[in-house]
Amino acid sequence: MARVRIDQVTKRYGQTEAVRGISFQVDDGELVVILGPSGCGKTTTLRMIAGLETITSGHIFFDDMSVGGIAPAQRNVAMAFENYGLYEHWSVFDNIAYPLRLRGETDQTIQRKVLSIAESLRIADVLEGRPGRLSGGMRQRIGLARALVREPAVFLLDEPMSHVDADLRNDMRAEIERIHLATGSTMIIVTHDQLDALALANRVLVMNGGVIEQYDTPEEVYDSPVSTFVAGFVGEPPMNVVPLDHAGRDGHDVLLGFRPHRARISVTSPTGTSSLALPAKVYMVESLGNRTLVTVSYGGGLLKADIPTTVEFPLDSDVWMEVDNADILTFDAQTGRRTDVGSTSVSNNK
Ligand code: ATP
């Protein structure tokens, strides 16, 4: 097991600065998910930790040892990448067994470990065949099994679930979580899927444009995003963000943010001062079984309320969207940064 520390790491490809001086630490035994949109530097960061990519400047430490000069094979990391890297002319069993054979484990141990991981990832019945004929989801699980079977100091998984169907995705999340708990290993997982991140992570590292936007628990990232970027990226449907009519204390315009499940819809004007009430028009009503998603138009944009009952509103009818003041976050309209908190967790140096 190991603690992984990234210290002021930058990666440049010619003119492109893929990663821009980021610092963060993954504690021993922690599962951290790196989350962000395409091109934000997630894969580059993972590949530098693996040793597959050189670092332009900065340092990476496993525990207290700088791994700068250490080859990938000597870092005791196991990786599963999106494009599998399977040996097509070998059986599935041999693919998974490969790292154990390299290490000189006995046939009996190899048999036991491969079977166990194959059963938990539901690929035990294809062990004798070759990977070439299998679906993308199957191949992805084989790649994952080969990484997990090694029980290394650090697991690095790049989009480990991108090719599997929604129902299997839940199972695979559970499997990764179970393996993490059982082995107590340090895991770093890259994904662009915020649901994967919220479900799996001890902490989520949100990246944007080569820098860290926020590094926090899933609850903090969801309830207390440090920027409109994080607010819009995490949560489905995303946080509602509306401009406030007047400028804030420091003269900057202010944006108000609130989660759809905090909003209420009423047909009569709410009274009292403990909530914000926006006059809006019903744009769309979607039944979600036991809940209703109501989209309203307000100030030229659309806002959503996720209501925990089944309700009906006529389209284009006038309603009030109401949200308690305590559930409202404020952001600087120019920088997108939160203004209702101190410098809490904006954290390139955590
Ligand atoms: P995705 O989810 O699409 O893989 P990502 O967040 O993993 O995105 P990276 O693959 O790390 O992003 O890429 C970050 C930036 O670096 C992008 O602008 C990308 O085009 C650039 N980049 C990545 N690898 C190389 C390379 N080998 N040569 C040149 N530019 C690269």
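Modeller: Buried means under 20% relative accessible area, exposed over 50%, and partly exposed in between, with a 1.4 Å probe and protein chains only. This is a predicted model, so local features need pLDDT of at least 70, side-chain atom pairs count only at pLDDT 80 or more, and totals for chains, interfaces and linings use all residues. Residues are numbered from 1 along each chain as its sequence is written, and side-chain values use heavy atoms, without hydrogens and water.

Biologist: Why is Glu 322 called buried?

Modeller: Glu 322 has a relative accessible area of 12%. The limit is under 20%. Therefore Glu 322 counts as buried.

Biologist: What makes the link between Glu 322 and Ser 275 a polar contact?

Modeller: Their side chains are joined at 2.9 Å. The rule asks for a pair of N or O atoms within 3.5 Å; within protein, one must be able to donate a hydrogen and the other to accept it, and residues adjacent in sequence count only if both atoms are side-chain atoms. The pair qualifies as a polar contact.

Biologist: What makes Phe 24 and Tyr 215 an edge-to-face aromatic pair?

Modeller: Rings of Phe, Tyr and Trp (its six-membered ring) pair if their centres lie within 6.5 Å; planes under 30 degrees apart are stacked, over 60 edge-to-face, the rest tilted. By this rule there are 5 aromatic pairs. Phe 24 and Tyr 215 are 5.8 Å centre to centre, with 75° between the planes, hence edge-to-face. Both residues are buried.

Biologist: Why is the pair Tyr 87 and Trp 90 called tilted?

Modeller: The centres are 4.5 Å apart and the planes 35°. That angle counts as tilted. Trp 90 is partly exposed, at 25% relative accessible area.
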